[in-house]
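Okay, everyone, let's get the model up on the screen. I'll walk through a few spots in it.

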Amino acid sequence: MAARGNSRRVHPKTPYKWISDGAVPHGDIPDLVVELLSAQLHTDLLYTDVWGQAAPRPQPALPADHAMDLPWDSNGLLSLVGGPVPTRRTIIAVTGAALTAPAWTALQQPVPDMVAAAGEGGPVSPPLLDMIDTVVAQAQQLDDNQGGAAREFVNDQFTAVARLLRRASYNAATGRRLTAALAQLAQTAGFMAFDAGEDGIAQRWYLTALRAAHAAAEPGLAASVLALMSNQAADRGHALDALQLAAAAQESAETTPPAVRALVAARSSLAHAVAGDVTSYSRMRTSTLELLDAKSDTPLPRWASYIDRIELDAITGRGLVVLAERVPTRRKQLLRQAGQLLHARAHTSPTEAPQRSALRHGAWLSLAHNAAGDLDRAVGAARLALGRLPAVNSVRSVVLLLRLHDELAPAAPRSPAVRDLVNELRTLPIPARRAAPK
């Protein structure tokens, strides 16, 4: 499963139930079982040989915004989160208005009242709300440090909170708090899916998070979701979508604490990097620094507690590596700046958070050094990043390291250190959809 970028695990005893009950599991597991048995038995097995019946006709793929054309009121949100998350269907990513129109709609629609006075599940108590907030925060921290290992857990927590919203009784304040928790869980689930290379599923989670953040009257959280959507579009090479989403994120963040606006500005810089716009990229960088130094009378929301200079430097440093590819006339200068901005996060202690960010930005630092012709520093940064991999579940990070393998390979014949590193990188599992991050 991991080789396909899927974090799902099958308990060792589960196949006994398939055998005793004559059951066929859901999803892509039956096909994987056929592949594994064929490999182990050194023979070509058919689906009917293993499962005793013909393979089911594959269901058509769904776009990420499937059945999301709903009103931006409480009924629309509750309808959206009332059904199961479509994990057993292929979800394909969307572009253009399907992705950007909801971003602008979220800014224009009035915030709905989230009240349920007579729910069948009883009232939502303050201790339960506190527990939900704790779970939400811990899910984000786990994702930051270990990657997508807890994807199914986060999905389950989203379902549990959605059930409370639909069935419990609560006043407006409690409804907003539940909806904010739902938005944060959907945002975390979205980033986990994005990190696993599942762009369509990630978009669906982000679009759901955007709806929930809007209903919770949380413009900063909505801005964070929009900025992540922009980063995903930039990563996929869709510069126009990325720029539109970045602009919507900045508008949503206008009344939020300076640190949140700094985060949005840093993420927005990636859209300008992919577009090859040095001037706009520099403007976002300047805005990021000014906002980080600004004082605020408004406390920072709990979900934004990770925002600091090191992380925002790393985000913008990553953009500089992309920008150097787009603007070769300024390549040397941009790569030098990238190395400076990426250094601190890439050298995060192995015992401190966030380890996934340290791994990814360490790989970007290695790419920057290699592009600048500094092989020794490229090898050092790559080895530091590679050392974090056993503790981090991140398909996208593996893809990035495989890109590093490809870019370092030409130097292997003339450098023993590079040759050893390339040989080590070659042993990494190849995830499905191997597409180098932009």
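Let's start with Ala217, which sits in the loop between α9 (199-215) and α10 (219-235); helices here are DSSP runs of H or I, at least four residues, and strands are E runs of at least two, numbered from the N terminus. Quick housekeeping: this is a predicted model, where local features need pLDDT of at least 70, side-chain atom pairs count only at pLDDT 80 or more, and totals for chains, interfaces and linings use all residues. Residues are numbered from 1 along each chain as its sequence is written, and side-chain values use heavy atoms, leaving out hydrogens and water.

So, Ala217 isn't a glycine, yet its phi is positive, about 55°. Most residues other than glycine have a negative phi, and most peptide bonds are trans. Ala217 counts as partly exposed because its relative accessibility is 35% (buried is under 20%, exposed over 50%, partly exposed in between, with a 1.4 Å probe and protein chains only).

Ala67 also has a positive phi, about 60°, and lies in the loop between β1 (62-63) and α4 (74-82). On the peptide-bond side, Ala353 to Pro354 is cis, with omega near 0°, and Pro354 is in the loop between α15 (331-346) and α16 (355-371).

Now, which loop holds Arg388? That's the one between α17 (375-386) and α18 (395-408). The Arg388 side chain reaches the backbone oxygen of Ala346 at 2.9 Å.

Last one: α12 is mostly covered, with 16 of its 17 residues buried.

Terms used: A polar contact is a pair of N or O atoms within 3.5 Å; within protein, one must be able to donate a hydrogen and the other to accept it, and residues adjacent in sequence count only if both atoms are side-chain atoms.
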